[in-house]
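Hi,

Here is the structure I promised to pass on. Have a look, and then read on for what turned up in it.

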Amino acid sequence: MPRTVLLPHWEQAPTWTGLIGKVFDPGQHVPGPWKPRIEDAKSIADIEAFAFPTPFAWAEMMATVLTQGLYEHPLFKLYQSLVLGVTLGYLQLEVVDLTSFAFGKVLADTDSRYRYFGLLRGSSRNREIQGSVFGGTSPATLFWPSPRPSEREWAALGECVSGVDGRLDEAYRLLADLRELLAKAKKWDASDKRWMSGLNRVIGDRAASHENVLYHLHSCSVGPVKIAMGDEMRPLYMPVYQERFSQDFLRAVTGTFKLEGDRVTLSDDRNVAQFEITVPVIPTDGDLVLAGTGNLVPKQGQVRSYDESVRIRLNDDDRGKGLFSYLQPIHQTFRAKPDEIRERPFFYPDTLRLIVDRLGDAGIPGSDVVFSDRAYAAVLDSSIPRLPLASSIDQTENARISGFVLTYTDGRDRRQRKAVYVESYSGVEGGVDVGDLRAVGWVLWSYFIGAASYDGQIRDDELTPLLDARSGVPFASAAVHKRLTEQPDEWKKCRRLAALQRFVRAYQTSSEKEHPPVQRLCAKAADAFANCAWNGRVIPNGRPSRKTQEVQAGQVQFVIYRDEA
Amino acid sequence: MTLMIAVGGTGQHVALAASRLVALGALPPLELAVVDADDSGDLSMNLRTFGSTVSPGYTRHPLGNGDAIYPPFDKKAKQDPKFSDLFVDPNTSARERSVFELCFDADSAGIAVKDGMFGRPAIGVTIFTQNKETQLRPVFERAQLVGPQDHIFVAGSLVGGTGAGILPHVVKSLGEKYAKSTRLYGLVFMRWFRSPTGASKQTISDETLDRNMRYGADYFFREVRPHLKGTLLVGLPDKSPHGKLDPAFLEAGRSDEKKHFFHVAAANGILKLPEIARTEQSDGSIYGLAAEDPASLYEEQWLGEKALWWYVNRAVTVKSLLLYAGSEKFKGEMRSAFGLFGKPDNIGGGLSEAIKRYGKPQVKTVIDELAKTWTLLASQYEFSLKYLDEVLGPLPEKHHTPRRRELETSEVSKVKEIQDLWSTPLPAQQELPKPPEVAELFHRRLVESFK
């Protein structure tokens, strides 16, 4: 009889001559005839997950279902309910440090990847399932179903995610957004036979929302879930559909903040808590990211701005510490740059994701980029996803963004900074006029025609300062914007072509590259204002004015002109 | 020294096979650590006493620490706990209870664990992990002492309840914590036996064995293999090429050794896997056995690149001489050598000198002690040789050496060998050794004389 390889279901002859020889290389997977036979299970009761040698046997079973592509398996049906349940907010993700209790230590000891473990528990959205645990999280599968809920409970969850509340479509599109964002960041591989294949199957071929607006504007994040991506493990935040969540959060950032234990509370002017930011205290061997640092917890239904304020209080001001002062530990934990957060928002908690997504470079403490209050206000009221990154605003015209980036040296610390003057930009649901340039242009015009004077500040005839240099650079004040927006006569008064031509001419001399950036800003602002006032292109004309005034505004010095005519 | 960690019943079988081969000299010295809930059944007692041949003061176990078995949980702690009782009680927080219930279905939670794990590896591993720092500390401490030139072998099966649950996590614990820089190898069994017939509902069935094998293999490939420098994987082929490769039959209520070719073949992996690792990048690779006739194992190379048949011949030869040396006849010869007209050379000049050192009043006692030791040593050879006979078949005649044949049949030859081999005195020692130690030294001379 020929020599036989002493293994079950092995048909090939041995390829070696002695007693012992190689049968599997390191990369080879378990062969088909040895795989668990799980396809025949009709219900949870038929599933013998306990045969896996791990306390996370049900997670292993879920992984096997996904690896074998058994999308008709009872477990996969429940998996779908879990994914949609989380996305629709019927299941909340409760992250637990397993090492904080005895049984958890045993679990973490068997597999340290599970230390920060998520429980999927029924939320208050539905009383029938509230409080019941429907599943857990896993690095391989994302979620896995618990063997304990009754059929009735699963049916109740299934009912919740069946579309009865009319949001199922948004949930799928939101998940498609996540998939698209992962793909853009080159983190998506649907051929990976783990959670991505499962999620891909749940989403199907549904399309993402245009420019992922659902993800950026209408979702909050839960997590993170420590997840396998290729050969690495990353913290993934899952999106939950929540209309206007991004705007609501930013509106709350106009309020006041207080650190209370392991939370930072954001309150409105009635001292009603609107959000909490988690800043957990962890043991020395803990992980701040996985413990949920920076997660947002909404506290009430309707969010309101602080006293109708539109000032997003990231930095310290006259009302006290800004939000950045409280987010230092979070930023120190993540140490991420704005472009990293924008490219891979799913790796960051909402506190970073939403602020950076909406405010761009200004969304990081100690940022060298500043926008005008008017631009921040646009973020609050508009459905435009985000302020542009400074790098995307060129000196030349951009089809979607127009403005000017003023680079200057801050005399206080000698650092190079950028002030972004946004004239207009367009996004998903239309364009927005911020008008930073033309507002500054109106100030320069007011001085040019003698309607404003300079005594250390440029003031109008009522001595109201027309520039706001608190940020270190001259933006037009709120009063100027209010005037230009609410008083159409202001524009009518400016329709003096000859004067406008001389005005533009005066500043044209400093529009070339060899001139200081702030002078080029003035030239651009003058142009923007004149074109807007005339409602058409104003061609420079006349002799350049020789009546100049040196002005100091914040950290910059520049020259302004008065009409000689 | 290389360490073998034997997990569960299968691990004990491999350890017993390896013990015999160490006793024969076919494997190098090994240290043993056994992890199993069963530490007093027939198999366990056989392993711990090396077939009742270990006699303190006279003969040792071939393996270091061979007489100790470490149960994975404290059997005395609770009388008859359910699995859930080990982890949750009325004072457990709601969150902790939620996590427990998330991981274990109601049936698993209700298992009475004193009766075993009922083929549920998930339960086995959880109990193991809970207790490993207390119950198994000596095992991991031993692992930490293994030197960089030595190895650790983990032997066990993927199929049962206790062993299948524990083996993956012993490997992972070693690989991740206790022996991170030591070379780890696996001697891993898939199915090698059939379940007991007429078994009650709660015991392991063929279906259970098959199921556990599949789930265990799946988990092993993904999670365990990466920690191992190399694995020898052993299991029943669909069509057995030889009667001795048929599955062993377990019988309900019996826990004796089920001798099988697989165990001794797996023991060969202790030599072969490190050899392979020296010449190729074997990390994560899995190796198998190929055979058609178990007797072919006699021709495989073992320690010192000698074939097993050489060790068998040596053992038969030495056993034959030891049996004679421990016999009443030779005892008589030894006593006579110290008589009035005694001739010391009749028993070997060196032996005679050694006995003389104890003084005349002690001669009888010393002779009795020497004889007892040689008889026990012979029984250790017998224990090993009989096993090989059973699992491999008798050594083919073509491998019998002339010296062996002669000694098997001629008493005169035995006498002459002893006289010759024991003619020179032992090296001088300051302290007078105990008689069993002297017996061992003369035993070694017999062993070393075999070329």
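Before the details, one cut-off: a residue counts as buried if its relative accessible area is under 20%. Phe383(B) has 15% relative accessibility, so Phe383(B) counts as buried. Please keep in mind that this is a predicted model.

Let me start with the aromatics. Over all chains, the structure holds 50 aromatic pairs. In one of these, the ring centres of Phe503(A) and Phe529(A) are 6.1 Å apart and the planes meet at 85°, so the pair is edge-to-face. That pair links distant parts of chain A: Phe503(A) sits in helix α16 (residues 497-508) and Phe529(A) in helix α17 (residues 517-534), 26 residues apart. Phe503(A) is buried, at 0% relative accessibility, and Phe529(A) is buried with a value of 0% as well.

Back to Phe383(B), which forms an edge-to-face pair with Phe50(B), at 4.8 Å centre to centre and 80° between the planes. Here the partners are 333 residues apart: Phe50(B) belongs to the loop between α2 (42-49) and β3 (69-70) of chain B, Phe383(B) to helix α13 (residues 363-392) of that chain. Phe50(B) is buried too, with 0% relative accessibility.

Phe503(A) and Phe529(A) also turn up in a cluster linked by ring pairs, together with Trp445(A), Phe448(A), Trp491(A), Tyr507(A) and Tyr561(A).

The charged end of Arg206(A) sits over the ring of Tyr172(A), 3.4 Å from its centre. Lys321(A) lies over the face of Tyr326(A), and there the distance to the ring centre is 5.7 Å.

Now the cysteines. How many disulfides does a search of the whole structure find? Zero, over all chains. Take Cys522(A): the closest cysteine sulfur is in Cys494(A), 17 Å away, so the two are too far apart for a bond. Cys522(A) is buried, at 2% relative accessibility. For Cys532(A) the closest cysteine sulfur is again in Cys494(A), at 9.5 Å, which is also too far for a bond. Is Cys532(A) buried or partly exposed? Partly exposed, with a relative accessible area of 33%.

In chain B, have a look at strand β7 (residues 230-234), where five of the five residues are buried. Side chains in a regular strand alternate between the two faces of the sheet. In β7(B), Gly230(B), Leu232(B) and Val234(B) point one way, Thr231(B) and Leu233(B) the other way, and all are buried. β7(B) runs parallel to strand β5 (residues 183-189) of chain B, and five bridges join the two. Among the bridge partners there are Val188(B) and Leu233(B). β7(B) is also joined to strand β9 (residues 285-291) of chain B, again parallel, by three bridges. Gly230(B) has Ser285(B) as its bridge partner in β9(B).

Last, a methionine in chain A. Met238(A) lies in strand β8 (residues 232-241) and is buried, with a relative accessible area of 0%. What does Met238(A) touch, leaving out residues up to four places away in sequence? The answer is Leu142(A), Phe143(A), Leu175(A), Leu178(A), Cys220(A), Ser221(A) and Val222(A). Gly223(A) is 15 residues from Met238(A) along the chain, and their C-alpha atoms are separated by 6.3 Å.

Cheers

Notes: Residues are numbered from 1 along each chain as its sequence is written. Chains are lettered from A and ligands numbered from 1 in the order in which they are written. This is a predicted model: local features need pLDDT of at least 70, side-chain atom pairs count only at pLDDT 80 or more; totals for chains, interfaces and linings use all residues. Side-chain values use heavy atoms; hydrogens and water are left out. Helices (H or I, at least four residues) and strands (E, at least two) are DSSP runs, numbered from the N terminus. Buried means under 20% relative accessible area, exposed over 50%, partly exposed in between (1.4 Å probe, protein chains only). Contact means heavy atoms within 4.5 Å. Rings of Phe, Tyr and Trp (its six-membered ring) pair if their centres lie within 6.5 Å; planes under 30 degrees apart count as stacked, over 60 as edge-to-face and the rest as tilted. A charge sits over a ring if NZ of Lys or CZ of Arg is within 6 Å of the ring centre and within 35 degrees of the ring normal. A disulfide is a pair of cysteine sulfur atoms within 2.5 Å. Two strands pair if DSSP finds at least two bridges between them.
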